[in-house]
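Here are my notes from a pass through the model you sent over. Open it alongside and check each point as you go.

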Amino acid sequence: MTRRTGQLKLGCFLSNSGHHVAAWRHPLAQADASMDFAHFRHLAQTAERGLFDAVFIADVVALWGHHLDALSRTARGEHFEPLTLMAALSSVTTHIGLIATATTSYNEPYHIARKFASLDHLSGGRAAWNLVTSVVSDEAWNFGREAHIDHAGRYRRAEEFHDVVQALWDSWDDDAFVRDRAAGVYFDPAKLHVLNHTGEHFRVRGPLNVARPPQGHPVIVQAGASEPGRRLAARVAELIFAAGESLEGAQAFYADIKARAAALGREPDHVKILPGITPFIGRTRGQAQALFDEFQALIDPVLGLRLLADTLGDDIDLSGHPLDGPLPPTPVGQRGSRRDRVLELAARENLTIRQLYLRLAGGNPAIGTPADIADIFEEWFEGRAADGFNVFFPYFPGALEQFVDQVVPELQRRGLFRTAYAGRTLRDNLGLPRPASRYAGAA
(Lines give C-alpha, C1' and ligand atoms only; values in the text may rest on other atoms or scores of the structure.)
Protein backbone atom coordinates (compact mmCIF):
# COMPACT_ATOMS: atom_id res chain seq x y z
CA MET A 1 0.00 0.00 0.00
CA THR A 2 1.40 3.39 -0.99
CA ARG A 3 0.74 6.79 0.57
CA ARG A 4 0.95 10.43 -0.37
CA THR A 5 0.29 12.01 3.00
CA GLY A 6 2.78 13.44 5.44
CA GLN A 7 6.40 14.31 4.82
CA LEU A 8 9.78 12.71 5.37
CA LYS A 9 11.66 13.02 8.66
CA LEU A 10 15.43 13.32 8.44
CA GLY A 11 18.17 12.69 10.98
CA CYS A 12 21.84 13.55 10.47
CA PHE A 13 24.31 11.09 11.98
CA LEU A 14 27.37 12.94 13.33
CA SER A 15 30.55 10.88 13.04
CA ASN A 16 33.84 12.76 13.21
CA SER A 17 35.35 12.79 9.69
CA GLY A 18 32.37 10.94 8.25
CA HIS A 19 30.48 7.70 8.58
CA HIS A 20 32.65 5.69 6.22
CA VAL A 21 35.20 3.84 8.31
CA ALA A 22 38.08 5.14 6.16
CA ALA A 23 36.70 8.65 5.68
CA TRP A 24 39.55 10.35 7.54
CA ARG A 25 41.99 9.16 4.86
CA HIS A 26 40.11 10.78 1.97
CA PRO A 27 41.14 14.30 0.89
CA LEU A 28 37.51 15.46 0.94
CA ALA A 29 37.24 14.78 4.69
CA GLN A 30 38.65 16.64 7.69
CA ALA A 31 41.06 14.15 9.24
CA ASP A 32 41.35 15.92 12.62
CA ALA A 33 37.62 16.54 13.13
CA SER A 34 37.05 14.30 16.14
CA MET A 35 37.69 16.87 18.90
CA ASP A 36 37.03 20.02 16.88
CA PHE A 37 33.90 21.73 18.19
CA ALA A 38 33.91 24.23 15.31
CA HIS A 39 33.55 21.26 12.96
CA PHE A 40 30.49 19.91 14.80
CA ARG A 41 29.00 23.40 15.10
CA HIS A 42 29.23 23.76 11.31
CA LEU A 43 27.63 20.35 10.77
CA ALA A 44 24.73 21.07 13.14
CA GLN A 45 24.11 24.50 11.63
CA THR A 46 24.28 23.09 8.10
CA ALA A 47 21.80 20.34 8.97
CA GLU A 48 19.55 22.97 10.51
CA ARG A 49 19.81 25.04 7.33
CA GLY A 50 18.63 21.91 5.54
CA LEU A 51 15.66 21.64 7.95
CA PHE A 52 16.72 18.26 9.34
CA ASP A 53 14.68 17.08 12.29
CA ALA A 54 17.71 16.19 14.39
CA VAL A 55 21.40 15.51 14.63
CA PHE A 56 22.41 12.27 16.31
CA ILE A 57 25.58 10.93 17.86
CA ALA A 58 26.26 7.28 18.73
CA ASP A 59 28.40 6.23 21.64
CA VAL A 60 30.03 3.45 23.60
CA VAL A 61 31.55 4.04 27.04
CA ALA A 62 34.93 2.68 25.96
CA LEU A 63 37.20 2.67 22.96
CA TRP A 64 35.41 1.25 19.94
CA GLY A 65 37.21 -2.05 20.52
CA HIS A 66 40.50 -3.16 22.03
CA HIS A 67 42.11 -4.47 18.84
CA LEU A 68 44.47 -1.55 18.43
CA ASP A 69 45.99 -2.58 15.11
CA ALA A 70 42.56 -2.21 13.51
CA LEU A 71 41.34 0.70 15.64
CA SER A 72 44.47 2.71 14.76
CA ARG A 73 43.31 2.61 11.13
CA THR A 74 40.12 4.51 11.98
CA ALA A 75 39.25 7.94 13.41
CA ARG A 76 37.25 6.31 16.22
CA GLY A 77 39.85 6.34 18.97
CA GLU A 78 38.67 9.74 20.25
CA HIS A 79 35.23 11.29 20.38
CA PHE A 80 33.18 13.66 22.50
CA GLU A 81 30.84 12.43 25.21
CA PRO A 82 27.42 12.88 23.53
CA LEU A 83 25.49 14.86 26.14
CA THR A 84 28.35 17.30 26.58
CA LEU A 85 28.55 17.87 22.83
CA MET A 86 24.78 18.23 22.47
CA ALA A 87 24.63 20.75 25.30
CA ALA A 88 27.24 22.84 23.48
CA LEU A 89 25.39 22.50 20.17
CA SER A 90 22.15 23.61 21.82
CA SER A 91 23.66 27.07 22.23
CA VAL A 92 24.51 27.51 18.54
CA THR A 93 21.27 26.14 17.01
CA THR A 94 17.61 27.04 17.45
CA HIS A 95 15.34 24.39 15.88
CA ILE A 96 17.16 21.14 15.20
CA GLY A 97 16.71 18.20 17.57
CA LEU A 98 19.64 16.86 19.60
CA ILE A 99 19.77 13.07 19.98
CA ALA A 100 22.38 11.71 22.39
CA THR A 101 23.12 8.07 23.10
CA ALA A 102 23.25 6.77 26.67
CA THR A 103 23.41 3.14 27.72
CA THR A 104 21.08 1.58 30.26
CA SER A 105 23.73 -1.02 31.08
CA TYR A 106 26.28 1.29 32.74
CA ASN A 107 24.27 4.26 33.99
CA GLU A 108 21.66 4.81 36.67
CA PRO A 109 18.16 6.11 35.88
CA TYR A 110 18.50 9.20 38.06
CA HIS A 111 21.64 10.29 36.18
CA ILE A 112 19.97 9.93 32.79
CA ALA A 113 16.68 11.54 33.81
CA ARG A 114 18.52 14.55 35.21
CA LYS A 115 20.89 14.99 32.27
CA PHE A 116 18.27 14.75 29.54
CA ALA A 117 15.83 16.96 31.43
CA SER A 118 18.62 19.53 31.69
CA LEU A 119 19.42 19.25 27.96
CA ASP A 120 15.73 19.70 27.14
CA HIS A 121 15.64 22.91 29.17
CA LEU A 122 18.94 24.19 27.74
CA SER A 123 17.73 23.61 24.17
CA GLY A 124 14.17 24.83 24.62
CA GLY A 125 12.66 21.40 24.07
CA ARG A 126 14.90 19.68 21.52
CA ALA A 127 16.41 16.77 23.47
CA ALA A 128 16.09 13.07 22.64
CA TRP A 129 17.55 10.01 24.33
CA ASN A 130 18.85 7.19 22.16
CA LEU A 131 18.30 4.31 24.57
CA VAL A 132 20.82 1.50 24.03
CA THR A 133 21.99 -1.63 25.80
CA SER A 134 25.76 -2.00 25.61
CA VAL A 135 27.27 -4.59 23.29
CA VAL A 136 31.01 -3.77 23.00
CA SER A 137 32.89 -6.01 25.45
CA ASP A 138 35.27 -3.22 26.46
CA GLU A 139 32.37 -1.36 28.08
CA ALA A 140 31.89 -4.12 30.64
CA TRP A 141 35.59 -4.02 31.53
CA ASN A 142 35.33 -0.32 32.34
CA PHE A 143 32.64 -0.97 34.94
CA GLY A 144 34.06 -3.86 36.91
CA ARG A 145 32.55 -6.70 34.88
CA GLU A 146 34.23 -9.42 32.84
CA ALA A 147 31.23 -9.61 30.51
CA HIS A 148 27.90 -7.94 29.87
CA ILE A 149 24.68 -9.08 31.44
CA ASP A 150 23.14 -11.63 29.09
CA HIS A 151 21.12 -10.29 26.15
CA ALA A 152 17.68 -10.92 27.65
CA GLY A 153 18.75 -9.53 31.02
CA ARG A 154 20.07 -6.34 29.41
CA TYR A 155 16.68 -5.71 27.85
CA ARG A 156 14.77 -6.39 31.08
CA ARG A 157 17.04 -3.86 32.78
CA ALA A 158 16.52 -1.42 29.90
CA GLU A 159 12.73 -1.60 30.16
CA GLU A 160 12.74 -0.90 33.89
CA PHE A 161 15.40 1.79 33.40
CA HIS A 162 13.21 3.56 30.83
CA ASP A 163 10.13 3.41 33.05
CA VAL A 164 11.98 4.91 36.00
CA VAL A 165 13.45 7.71 33.87
CA GLN A 166 10.05 8.69 32.47
CA ALA A 167 8.53 8.61 35.94
CA LEU A 168 11.28 10.88 37.25
CA TRP A 169 10.57 13.36 34.45
CA ASP A 170 7.08 13.64 35.95
CA SER A 171 8.41 14.50 39.41
CA TRP A 172 7.06 18.02 39.08
CA ASP A 173 3.78 19.21 37.60
CA ASP A 174 4.21 21.65 34.74
CA ASP A 175 3.05 24.54 36.93
CA ALA A 176 4.76 23.49 40.17
CA PHE A 177 7.23 26.39 40.26
CA VAL A 178 4.98 29.33 41.12
CA ARG A 179 7.80 31.65 42.25
CA ASP A 180 5.35 33.82 44.23
CA ARG A 181 7.52 36.59 45.65
CA ALA A 182 4.73 38.20 47.63
CA ALA A 183 3.81 34.97 49.39
CA GLY A 184 7.41 33.81 49.64
CA VAL A 185 6.64 30.49 47.94
CA TYR A 186 8.97 29.25 45.21
CA PHE A 187 7.17 25.99 44.41
CA ASP A 188 3.91 24.36 45.38
CA PRO A 189 4.71 21.24 47.46
CA ALA A 190 1.40 19.67 46.42
CA LYS A 191 2.70 19.56 42.84
CA LEU A 192 5.83 17.57 43.68
CA HIS A 193 5.69 13.77 43.39
CA VAL A 194 8.00 11.25 45.08
CA LEU A 195 8.46 8.11 43.00
CA ASN A 196 9.48 5.47 45.55
CA HIS A 197 10.23 2.88 42.86
CA THR A 198 11.32 -0.63 43.81
CA GLY A 199 11.88 -3.14 41.02
CA GLU A 200 14.05 -6.01 39.83
CA HIS A 201 17.04 -3.81 39.02
CA PHE A 202 16.51 -0.42 40.67
CA ARG A 203 15.38 1.25 43.86
CA VAL A 204 14.87 4.97 43.25
CA ARG A 205 13.13 7.28 45.67
CA GLY A 206 13.16 10.52 43.70
CA PRO A 207 12.06 13.18 43.07
CA LEU A 208 14.14 14.71 40.27
CA ASN A 209 15.78 18.04 41.09
CA VAL A 210 15.04 19.47 37.62
CA ALA A 211 11.68 20.92 36.58
CA ARG A 212 9.50 18.93 34.18
CA PRO A 213 11.12 19.14 30.71
CA PRO A 214 9.64 21.51 28.09
CA GLN A 215 8.64 18.51 25.98
CA GLY A 216 7.14 16.76 29.00
CA HIS A 217 9.43 13.85 28.18
CA PRO A 218 12.42 14.14 25.85
CA VAL A 219 11.83 12.00 22.75
CA ILE A 220 12.76 8.32 23.15
CA VAL A 221 14.88 6.84 20.35
CA GLN A 222 15.74 3.15 20.00
CA ALA A 223 17.41 0.90 17.43
CA GLY A 224 17.07 -2.72 18.55
CA ALA A 225 16.26 -5.21 15.78
CA SER A 226 16.32 -8.45 17.81
CA GLU A 227 13.09 -9.84 19.24
CA PRO A 228 13.65 -8.19 22.66
CA GLY A 229 14.68 -5.01 20.87
CA ARG A 230 11.50 -4.97 18.79
CA ARG A 231 9.35 -5.54 21.85
CA LEU A 232 11.03 -2.65 23.64
CA ALA A 233 10.79 -0.37 20.59
CA ALA A 234 7.10 -1.09 20.09
CA ARG A 235 6.38 -0.29 23.73
CA VAL A 236 8.50 2.81 24.35
CA ALA A 237 10.22 4.21 21.24
CA GLU A 238 8.97 7.28 19.41
CA LEU A 239 11.78 7.33 16.86
CA ILE A 240 13.37 4.10 15.66
CA PHE A 241 16.65 3.84 13.78
CA ALA A 242 16.41 0.76 11.60
CA ALA A 243 18.61 -1.26 9.29
CA GLY A 244 17.84 -0.76 5.62
CA GLU A 245 19.50 -3.52 3.62
CA SER A 246 16.55 -3.92 1.22
CA LEU A 247 13.19 -2.35 0.48
CA GLU A 248 11.37 -5.61 1.20
CA GLY A 249 13.16 -6.13 4.52
CA ALA A 250 12.48 -2.54 5.56
CA GLN A 251 8.79 -2.90 4.66
CA ALA A 252 8.53 -6.05 6.77
CA PHE A 253 10.21 -4.36 9.76
CA TYR A 254 8.02 -1.27 9.35
CA ALA A 255 4.81 -3.29 9.26
CA ASP A 256 5.88 -5.42 12.23
CA ILE A 257 6.75 -2.51 14.50
CA LYS A 258 3.64 -0.52 13.60
CA ALA A 259 1.44 -3.56 14.25
CA ARG A 260 3.13 -4.24 17.59
CA ALA A 261 2.68 -0.62 18.65
CA ALA A 262 -1.00 -0.67 17.70
CA ALA A 263 -1.51 -3.91 19.63
CA LEU A 264 -0.13 -2.15 22.71
CA GLY A 265 -2.65 0.66 22.31
CA ARG A 266 -0.24 3.16 20.79
CA GLU A 267 -0.92 5.34 17.76
CA PRO A 268 1.31 3.83 15.03
CA ASP A 269 2.00 7.23 13.49
CA HIS A 270 3.57 8.27 16.78
CA VAL A 271 6.32 5.72 16.17
CA LYS A 272 8.57 7.13 13.42
CA ILE A 273 10.83 4.60 11.69
CA LEU A 274 14.02 5.91 10.05
CA PRO A 275 16.25 3.38 8.25
CA GLY A 276 19.91 4.27 7.86
CA ILE A 277 21.15 5.28 4.41
CA THR A 278 24.51 6.53 3.12
CA PRO A 279 24.29 8.81 0.06
CA PHE A 280 27.19 9.07 -2.39
CA ILE A 281 26.18 11.92 -4.66
CA GLY A 282 27.64 12.94 -8.02
CA ARG A 283 26.70 15.07 -11.00
CA THR A 284 26.36 11.76 -12.84
CA ARG A 285 25.82 8.19 -11.68
CA GLY A 286 29.29 7.32 -12.89
CA GLN A 287 30.83 10.09 -10.81
CA ALA A 288 28.89 8.95 -7.73
CA GLN A 289 30.01 5.33 -8.23
CA ALA A 290 33.63 6.44 -8.64
CA LEU A 291 33.41 8.35 -5.35
CA PHE A 292 32.06 5.27 -3.58
CA ASP A 293 34.82 3.12 -5.06
CA GLU A 294 37.47 5.61 -3.84
CA PHE A 295 36.29 5.28 -0.26
CA GLN A 296 36.06 1.50 -0.41
CA ALA A 297 39.61 1.27 -1.74
CA LEU A 298 40.90 3.00 1.41
CA ILE A 299 39.83 0.14 3.71
CA ASP A 300 42.87 -1.71 5.03
CA PRO A 301 42.33 -5.52 5.17
CA VAL A 302 43.31 -5.50 8.87
CA LEU A 303 40.41 -3.15 9.50
CA GLY A 304 38.10 -5.06 7.19
CA LEU A 305 38.65 -8.31 9.05
CA ARG A 306 38.02 -6.56 12.36
CA LEU A 307 34.70 -5.20 11.03
CA LEU A 308 33.70 -8.78 10.30
CA ALA A 309 34.83 -10.04 13.69
CA ASP A 310 32.99 -7.23 15.47
CA THR A 311 29.81 -8.45 13.82
CA LEU A 312 30.34 -12.21 13.88
CA GLY A 313 32.01 -12.47 17.30
CA ASP A 314 35.37 -11.73 18.89
CA ASP A 315 36.26 -15.42 18.82
CA ILE A 316 36.14 -15.52 15.02
CA ASP A 317 39.68 -15.51 13.57
CA LEU A 318 39.74 -15.08 9.80
CA SER A 319 43.41 -14.10 9.54
CA GLY A 320 44.46 -17.50 8.20
CA HIS A 321 41.86 -17.58 5.44
CA PRO A 322 42.33 -16.06 1.96
CA LEU A 323 40.56 -12.72 1.61
CA ASP A 324 39.20 -13.70 -1.78
CA GLY A 325 37.97 -17.07 -0.55
CA PRO A 326 34.64 -17.96 1.08
CA LEU A 327 33.71 -17.33 4.69
CA PRO A 328 34.54 -20.48 6.69
CA PRO A 329 31.86 -22.23 8.77
CA THR A 330 30.99 -19.86 11.57
CA PRO A 331 29.72 -21.04 14.97
CA VAL A 332 26.68 -19.50 16.59
CA GLY A 333 27.71 -16.55 18.71
CA GLN A 334 26.06 -13.93 20.90
CA ARG A 335 25.83 -11.07 18.43
CA GLY A 336 22.11 -11.31 17.73
CA SER A 337 20.13 -10.14 14.73
CA ARG A 338 22.88 -8.21 12.94
CA ARG A 339 25.17 -11.24 12.97
CA ASP A 340 22.39 -13.41 11.56
CA ARG A 341 21.71 -10.96 8.73
CA VAL A 342 25.39 -10.85 7.75
CA LEU A 343 25.68 -14.64 7.64
CA GLU A 344 22.52 -14.86 5.56
CA LEU A 345 23.90 -12.23 3.17
CA ALA A 346 27.21 -14.10 2.75
CA ALA A 347 25.44 -17.38 2.01
CA ARG A 348 22.79 -15.89 -0.28
CA GLU A 349 25.24 -13.99 -2.48
CA ASN A 350 28.22 -16.36 -2.10
CA LEU A 351 30.45 -13.48 -0.99
CA THR A 352 34.16 -13.77 -0.32
CA ILE A 353 35.63 -12.51 2.93
CA ARG A 354 36.83 -9.32 1.23
CA GLN A 355 33.48 -8.75 -0.48
CA LEU A 356 31.67 -9.27 2.81
CA TYR A 357 33.73 -6.78 4.81
CA LEU A 358 33.43 -4.25 1.99
CA ARG A 359 29.66 -4.67 2.10
CA LEU A 360 29.70 -4.06 5.84
CA ALA A 361 31.89 -0.98 5.44
CA GLY A 362 29.71 0.40 2.67
CA GLY A 363 26.65 0.32 4.90
CA ASN A 364 23.42 0.93 3.01
CA PRO A 365 24.71 3.12 0.17
CA ALA A 366 22.54 5.17 -2.15
CA ILE A 367 24.72 5.99 -5.15
CA GLY A 368 23.67 8.45 -7.82
CA THR A 369 22.62 11.96 -8.74
CA PRO A 370 20.53 14.15 -6.42
CA ALA A 371 17.43 13.07 -8.35
CA ASP A 372 18.42 9.41 -7.93
CA ILE A 373 18.74 9.86 -4.17
CA ALA A 374 15.36 11.58 -4.04
CA ASP A 375 13.86 8.70 -6.06
CA ILE A 376 15.05 6.20 -3.43
CA PHE A 377 13.71 8.30 -0.58
CA GLU A 378 10.36 8.66 -2.34
CA GLU A 379 10.07 4.95 -3.13
CA TRP A 380 10.77 3.91 0.45
CA PHE A 381 8.51 6.56 1.94
CA GLU A 382 5.56 5.91 -0.35
CA GLY A 383 6.11 2.17 -0.10
CA ARG A 384 5.76 2.24 3.71
CA ALA A 385 9.29 1.12 4.34
CA ALA A 386 10.21 4.35 6.17
CA ASP A 387 8.84 7.51 7.74
CA GLY A 388 12.14 9.16 6.83
CA PHE A 389 15.83 8.39 7.04
CA ASN A 390 18.75 8.55 9.42
CA VAL A 391 21.32 9.84 6.95
CA PHE A 392 24.91 8.61 7.34
CA PHE A 393 27.12 10.97 5.40
CA PRO A 394 30.26 9.20 4.14
CA TYR A 395 32.48 12.23 4.74
CA PHE A 396 32.17 15.64 6.36
CA PRO A 397 31.51 18.41 5.76
CA GLY A 398 31.11 18.27 1.98
CA ALA A 399 28.66 15.36 1.72
CA LEU A 400 26.23 17.05 4.11
CA GLU A 401 26.56 20.40 2.32
CA GLN A 402 25.94 18.71 -1.02
CA PHE A 403 22.84 16.94 0.32
CA VAL A 404 21.41 20.14 1.81
CA ASP A 405 22.07 22.17 -1.36
CA GLN A 406 21.04 19.57 -3.94
CA VAL A 407 18.90 16.77 -2.52
CA VAL A 408 16.77 18.73 -0.05
CA PRO A 409 15.48 21.14 -2.76
CA GLU A 410 14.55 18.14 -4.91
CA LEU A 411 12.63 16.56 -2.05
CA GLN A 412 10.88 19.87 -1.40
CA ARG A 413 9.98 20.22 -5.09
CA ARG A 414 8.25 16.84 -4.87
CA GLY A 415 6.35 17.85 -1.73
CA LEU A 416 8.15 15.19 0.30
CA PHE A 417 9.96 17.48 2.73
CA ARG A 418 9.19 20.61 4.71
CA THR A 419 10.10 24.14 3.63
CA ALA A 420 10.07 25.45 7.22
CA TYR A 421 10.15 23.98 10.70
CA ALA A 422 6.72 23.27 12.18
CA GLY A 423 7.63 24.53 15.64
CA ARG A 424 10.39 25.02 18.17
CA THR A 425 10.49 21.61 19.85
CA LEU A 426 11.59 18.28 18.44
CA ARG A 427 8.12 16.89 19.16
CA ASP A 428 6.58 19.72 17.14
CA ASN A 429 8.73 18.90 14.13
CA LEU A 430 8.31 15.14 14.36
CA GLY A 431 4.54 15.44 14.78
CA LEU A 432 4.61 13.79 18.20
CA PRO A 433 2.24 14.77 21.04
CA ARG A 434 3.53 16.19 24.31
CA PRO A 435 2.85 13.51 26.93
CA ALA A 436 0.74 14.42 29.92
CA SER A 437 2.18 13.77 33.36
CA ARG A 438 1.18 10.45 34.91
CA TYR A 439 -0.07 12.51 37.83
CA ALA A 440 -2.31 14.77 35.73
CA GLY A 441 -5.82 14.87 37.12
CA ALA A 442 -4.85 13.17 40.36
CA ALA A 443 -6.70 14.43 43.41
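1. Start with the surroundings of N130. Setting aside neighbours within four places in sequence, N130 is in contact with F56, I99, A100, T101, A102, V221 and Q222. Keep in mind that this is a predicted model. N130 itself belongs to strand β4, residues 127-132. Its relative accessible area is 4%, so N130 is buried, the cut-off being under 20%.

2. Next, T103, which lies in strand β3. It comes out at 5% relative accessibility, so T103 counts as buried. The side chains of T103 and S134 are joined by a polar contact of 2.8 Å. Not counting residues up to four places away in sequence, T103 touches V61, V132, T133, S134 and F161.

3. Now for F202, in the loop between β5 (197-198) and β6 (203-204). Is F202 buried or exposed? At 2% relative accessibility, F202 counts as buried. With neighbours within four places in sequence left out, the contacts of F202 are E108, P109, R157, E160, F161 and H197. Take the pair F202 and E108: they sit 94 residues apart in sequence, yet their C-alpha atoms are 8.4 Å apart in space.

4. On to helix α3 (residues 82-90), where P82, L83, L85, M86, L89 and S90 are buried. Looking down the axis of α3, you'll find its buried residues within an arc of 160°, so they line one face of the helix. What covers them? The cover over the buried residues of α3 includes α1 (37-49), β2 (54-57), β3 (97-103) and α4 (109-123).

5. While you're at α3, have a look at its N-terminal end, which is capped by E81. A side-chain oxygen of E81 lies 3.1 Å from the backbone nitrogen of L83.

6. Last up is a helix pair. Helix α10 (residues 301-312) packs against helix α12 (residues 353-362) at an angle of about 75°, and their axes are 9 Å apart. That angle makes α10 roughly perpendicular to α12, since the label takes in angles of 65 to 115 degrees. Which residues of α10 and α12 meet? From α10 there are P301, G304, L305, L307, L308 and T311, and from α12 there are I353, L356, Y357, L360 and A361. Sorted by class, the contact of α10 with α12 has nine nonpolar residues, two polar ones and no charged ones.

Technical notes. Residues numbered from 1 in each chain as written. Predicted model: local features only at pLDDT ≥ 70, side-chain atom pairs only at ≥ 80, totals over all residues. Heavy atoms only, no water. Axes fitted to C-alpha atoms, helices over the stretch in contact; angles between N-to-C directions. Helix = DSSP H or I, 4+ residues; strand = E, 2+ residues; numbered from the N terminus. Parallel < 35°, antiparallel > 145°, perpendicular 65-115°, else oblique. Contact = heavy atoms within 4.5 Å. Nonpolar A, V, L, I, M, F, W, Y, C, P; charged D, E, K, R; others polar. Buried < 20%, exposed > 50% of the residue type's maximum accessible area, 1.4 Å probe, protein only. Arc of directions from axis to C-beta. Polar contact = N/O pair within 3.5 Å; in protein donor to acceptor, adjacent residues only side chain to side chain.
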